[in-house]
Amino acid sequence: MSRDRSSYSALLASFAFAVGAFALSGPASAQQDPGVRGGPPGAGGPLPNLITCGVNPGCGQAFFTAAQVFFTSVFSVTGGIDDGAALGVTNGGPGLGPRFNLNQCAGCHAQPAAGGTSPRVNPQVAIATLHGANNVVPPFITKNGPVREARFVLNPDGTPDGQVHELYVISGRSDAPGCDIEQEDFPAAIAANNVIYRIPTPTFGLGLVEGISDLNLVTAFNSNQALKSQLGVSGHFNINPDDGTITRFGWKAQEKSLLMFSGQAYLVEMGVTNELFPNKRDNETTPSCQFNVLPEDMTIFGTQDPVSPPTGSTASDFSTGIVNFSTFMRLSAPPTPVTSASASAVRGSVVFNNIGCQACHVTQQQTAVNGLAFLNSSSNCPPTPAGSSASCEVTLNPYSDFAVHNMGYGLADRVTQGVANGQEFRSAPLWGIGQRIFFLHDGRTTDLVQAILDHASPQSEANAVINNYNLLPPQSKQDLLDFLRSL
Ligand code: HEC
Ligand code: HEC
């Protein structure tokens, strides 16, 4: 349902006073995105206060460090090629292909540190022809453009598809002799308007996001209901059909947990079969392209330390790749904003709230009251006498309600995931946005101003808020942009 623009005016009148004060100071020049914040990456390290284990007080930190190695390690078809060496990282082992998007989690999740988002130089160009492969780089992949995965909207018979179609095949690679499957015909799919794109989302701090109880998500969602109805914002949660709980990961909040995401990414992005996704996507159709016993990632059955040399974390050594990936993300700290924000950025945080950005980008969330098992319970969750309420919550500032909203024709991707339809997306968490290069689900812009303006289009729930933004005096717009780049 499109919204009547005239109904915004009453609401805007109430904001005019709030922002008016800022208009007096500052030049009336055009506002602009200050660009990617320089300085050290404010992300990539472990949570403070990780679990300690009796005789091994460093166990939490050690598992994080070892799991980080898995996340950055590089895979080949049979494990025989060590492509990690050139990057100074570990050889991940076998499992790449037959179809894949890249050979390393941290290749896509790279900026501003391993675990993050799309790097400045897209590794999907070089990998197309690595080790003799003869893939053609699709037109939507460029050296200085974002990392992308592609989904097809419809199957050839016209029924909904929505699945990831990998960019590349292993045919021609020196470690895939005899494999001759062909790459998807992306130019044809593009000509048929049948391809949509997704860029990587950052994985920092996601253990805390897993730890938010459904009740707390619903409470935060309902707490700004009056503001939402004033602004024409609605939204709803995506739900896991298996257990009825709220799903929260991915651009449409389509995925339940970090373990689920790891299992799926391992198979879909790289081709590596694992205990959650034990079958190759085209197992029987390409016998000449199968080189390993499955699943390629498997719990260690032996009693001997499988890793040589050991990583320093027994828990990591005996865990599967997908457990290691999820542990790295679960134990990682949220991105940190600048330590001392500029006066403009401080004013911008007020603008953010005044014009209604936080109707969707909810500033604060809280983890469940019963604490998080991977945190040190003695300092995180002080022991209390039985019957009294322990205070174990962690407060986080993800700037998301983790709900999905109708973003209109302009952002629509025509793909349904769970109960999120082709126009609905999760309010993108804005923590760490100061150090991200590409914006929106398909990475269509590097300019924060454009990212904000693209929220508005017919049927978008964000139209009233973006109208408020458009009516801001230039200095207030600049303050808002400075605030976002301080995160
Ligand atoms: C080819 C690039 C690529 C590779 C390789 C890759 N990812 Fe991703 N990742 C993406 C994209 C694209 C998305 C967004 C997917 C979506 O929501 O449609 C994503 C999203 C995620 C998310 C969701 C984060 C959030 O904000 O909810 C997690 C978790 C994740 N990836 C983990 C992994 C792990 C673990 C690996 C390695 C096994 C991996 N990814 C490898 C591209 C990649
Ligand atoms: C109706 C809910 C809603 C409102 C209101 C809203 N946003 Fe968003 N925002 C979203 C959604 C959903 C996305 C992801 C859309 C996509 O990628 O297609 C998003 C994405 C973004 C992004 C890009 C993030 C990324 O990771 O690429 C920025 C920046 C942003 N919003 C800032 C703002 C600002 C500033 C305001 C206020 C002027 C605002 N938003 C208001 C829902 C909202």
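This short talk covers the surroundings of two ligands in a predicted model.

Some ground rules. Residues are numbered from 1 along each chain as its sequence is written, and chains are lettered from A and ligands numbered from 1 in the order in which they are written. Local features need pLDDT of at least 70 and side-chain atom pairs 80 or more, while totals for chains, interfaces and linings use all residues; side-chain values use heavy atoms, without hydrogens and water.

I start with ligand 2. Which protein residues are donors of its iron atom? They are His361 and His455, each through NE2, lying 2.0 Å from the iron. Donors here are N, O and S atoms within 2.8 Å of the metal (3.2 Å for Na, K and Ca). Histidine 361 lies in the loop between helix H12 (343–354) and strand E10 (365–366), and histidine 455 in the loop between helices H15 (448–453) and H16 (463–470), so the pair ties together parts 94 residues apart in sequence. Helices are DSSP runs of H or I with at least four residues, and strands are runs of E with at least two. Histidine 361 is buried, at 11% relative accessible area, and histidine 455 is buried at 17%. Buried means under 20%, exposed over 50%, partly exposed in between, with a 1.4 Å probe and protein chains only.

Now ligand 1. Seven residues of its shell come from H9, the largest share.
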